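Here is a friendly walk through a two-chain model.

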Amino acid sequence: MSEQKNTHWLDNPETPKRLWTGFAIVLVLLVIAELFVTHHHKGFMFNFGFSAWFGFLVGGVSIVLSKGWKKILKRKDIYYDE
Amino acid sequence: MSSLLFHPALPILIGAFLVLRLNGTARSILLLGTPLVSLALVWSIPASLIAPDGVVISIPYMEWTLEPFKTDKLSRLFATVFGLMAFAGNLYALKQEKVLELFAANIYIAFSLGVVFAGDLITVFVFWEMMALASSTIIFSAGTDTARAAGIRYLMIHLLGGVVLMAGIAGEVSATGSIAFTSMLPDTLPRALILAGFLLNTGAPPFSAWVPDSYPEASYSGMVFLSAFTTKTAVYVLARGFPGAEILIFIGLFMIFYGIIYGLCENNARKMLGYSIVNQVGFMVTAIGIGSALAINGAVAHAFAHIIYKGLLIMATGSVFYVTGKRKFTEYGGLFRTMPLTAICCIIGGLSISAFPFTSGFVSKAMTAEATYVGQYYWVWYLLAAGTAGVFLDVGIKLQYFVFFGKDSGQRPPEPPLHMRAAMVFFAILCVGIGVAPQLFYQLLPYAQDYEPNTPDHIVTQFQILLFSGAAFFLFLKYYGWHLVNSLTLDFDWFYRVWGRNIAVAFTQNAGSARDSIIDDLSKGAKQTIDRIYHRHGPAGVLARTMPTGRMAFWAIVMLAVYLLVDFAFM
């Protein structure tokens, strides 16, 4: 049982590194792929690479905002039971 | 077909009562059979009655005509997905021991179908209120103290919404003399009240908190039913009643970002899915505010897809709750090892809600985005795109990561029972099927359209926006940590759970002392009066004493003299 646990791919210390590498390759390929497609609409939001940096920005801003919001309004989870 | 006997709600309503009497296999057959009969009835309505004014049955009532069974493509679409949800929900809850929950869930579904086929405002209102009672019974039936408290709060909020809706309907009927439920704008007070009553059930601000407050307190299966009907029936009535009401754009956008930010703060997985319901309904409300045919198609297609993928997500987290008894991210981690099927179904639901290409969420949300572009609501387009990326962080990554992967909690729970797995697989197949063959799905929509979501440019940019936002999430996780703790984030419900309660307590205490002092004063006054009367009239009182005859005669002569003087003076 413990042998099975140790061999699970999730427990392999190499797994996160491999996932990061694979993920980075996919991101680069996605940006390159945009060179080969034709946008059906015109506008700033359809400029090359917009979705990539906009997505990254939204991800970062969402996390910063939620951390800030939580800092202000965080209470113990038994707050309403006290 | 021209009879209420063929109303698609009827088999489910009858089934709900029979569930109380049956056990074992008979009950299982009934639970799975009635939604199928309902779906068959929905799809056997003749095409001629799916016309814009397809009234199947009308009943005279006072000076009006009730239309409890009116059909068009919009009502058929919602009835179809309600039927699918009833089937999958009953399959998931097949072994639920709390019969009260199964009864309440099925009458709740039947009442939702009642709203969907209602052609007049009175019928809408009656079924609307019955839905509130049935759904709160689902929460109560969980049987815990927290469920009872949450159920009472849920009921109070919905009864408030009902009062507002009733006031609006009464005003509208009094002003126009008509009870017809048709498209309108919130340009008069009664119509604004009707809109407010409808919006309360979508989880709109300021009362959004009722969704994450109450739904997670239901049982593992109860939340599956709750997630599908109240908010989506509200989307249905908004799509029918208020298409193009621009205020909905702002309300919807608020809901989108409210759901994301609170979802990211949340440590309770089921509560986070509650916030996510508000977020998703926000997309639909925004689309209804835009109001074009493509936007309405987008809103209702999204409602259809959302019922399925959110049902799937809640089934998956419900399964984890069912086998571990836990509901917080801090108590999970590494469950993929022994629950791979549940994890895969949850991931498919997560990809769908995030609008990953080739899933139902992608082909439905794409129409709303397209409608904002075509309608030149460019700022809305940007915010919707940001909202899509935000959803991916919440449900696409955070939920999956902290429950099934992340830090190993050491727990090795088994997969849930077969019927629960079957329900999840059924919905997972629908999520992917709709995404892969959208044109078949689009034929169900109320308006004809010529739109193809699966184009190379759309697929590439959608992958970019999602995966790059995911990259930002993991970078933050890696460098700043993501310290989940046992906490909650204050919301508007603080005003009625703490502030309002404090006012009520202060009122009770002050009113109590005021009442005591008034009673004190009154009793003192009464005692003094009684004492005075006793002093004069008591056995030793001045008026009770006997008097000599001479003194009586004297006073009689004095009085007669006064009388004579007065008589002479004034006559």
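Helix α5 (residues 121-140) of chain B packs against helix α9 (residues 222-241) of chain B at an angle of about 160 degrees, with the axes 10 Å apart. The helices here are DSSP runs of H or I with at least four residues, strands are runs of E with at least two, and both are numbered from the N terminus. Axes are lines fitted to C-alpha atoms, for helices over the stretch in contact, and angles run from 0 to 180 degrees between N-to-C directions. The angle makes α5(B) roughly antiparallel to α9(B); angles under 35 degrees count as roughly parallel, over 145 as roughly antiparallel, 65 to 115 as roughly perpendicular and the rest as oblique.

This is a predicted model, in which local features need pLDDT of at least 70 and side-chain atom pairs count only at pLDDT 80 or more, while totals for chains, interfaces and linings use all residues. Residues are numbered from 1 along each chain as its sequence is written, and chains are lettered from A and ligands numbered from 1 in the order in which they are written.

On the α5(B) side, V124(B), M131(B), S135(B), I138(B) and I139(B) take part, and among their partners in α9(B) are F225(B), F229(B) and V237(B). Contact requires C-beta atoms, placed from the backbone, to lie within 7 Å. This contact has 8 nonpolar, 4 polar and no charged residues. In this scheme Ala, Val, Leu, Ile, Met, Phe, Trp, Tyr, Cys and Pro are nonpolar, Asp, Glu, Lys and Arg are charged, and the others, Gly among them, are polar.

A second pair in chain B joins helix α6 (residues 145-176) and helix α7 (residues 189-202), whose axes come within 7 Å and cross at roughly 155 degrees. α6(B) and α7(B) are therefore roughly antiparallel too. The residues of α6(B) that take part include G161(B), G168(B) and G171(B), and those of α7(B) include L193(B), A196(B) and G197(B). By class, that contact has 12 nonpolar, 5 polar and 2 charged residues.

Now for the loops of chain B. Most residues other than glycine have a negative phi, and most peptide bonds are trans. What kind of peptide bond joins P205(B) and P206(B)? The bond is cis, with omega about 0 degrees, and P206(B) sits in the loop between α7 and α8 (210-214) of chain B.

| Residue | Phi | Loop in chain B |
|---|---|---|
| A355(B) | about 65 degrees | between α13 (340-353) and α14 (360-374) |

A355(B) is buried, with 31 other C-beta atoms within 10 Å, whereas Q376(B) counts as exposed with 9. A residue is buried if 20 or more other C-beta atoms lie within 10 Å of its own, exposed if 12 or fewer, and partly exposed in between, with C-beta atoms placed from the backbone.

Finally, chain A has 3 helices and 1 strand, in the order α-α-α-β. Its radius of gyration, taken over C-alpha atoms, is 21 Å, well over the 12 Å that the globule rule gives for 82 residues, so chain A is more spread out than a compact globule. That rule is 2.2 Å times the number of residues to the power 0.38. Buried residues make up 16% of chain A. Across the interface, 36 residues of chain A are in contact with 39 residues of chain B, and α3(A) gives the largest share of chain A's side, 15 residues.

Technical notes: Two residues are in contact if their C-beta atoms, placed from the backbone, lie within 7 Å.
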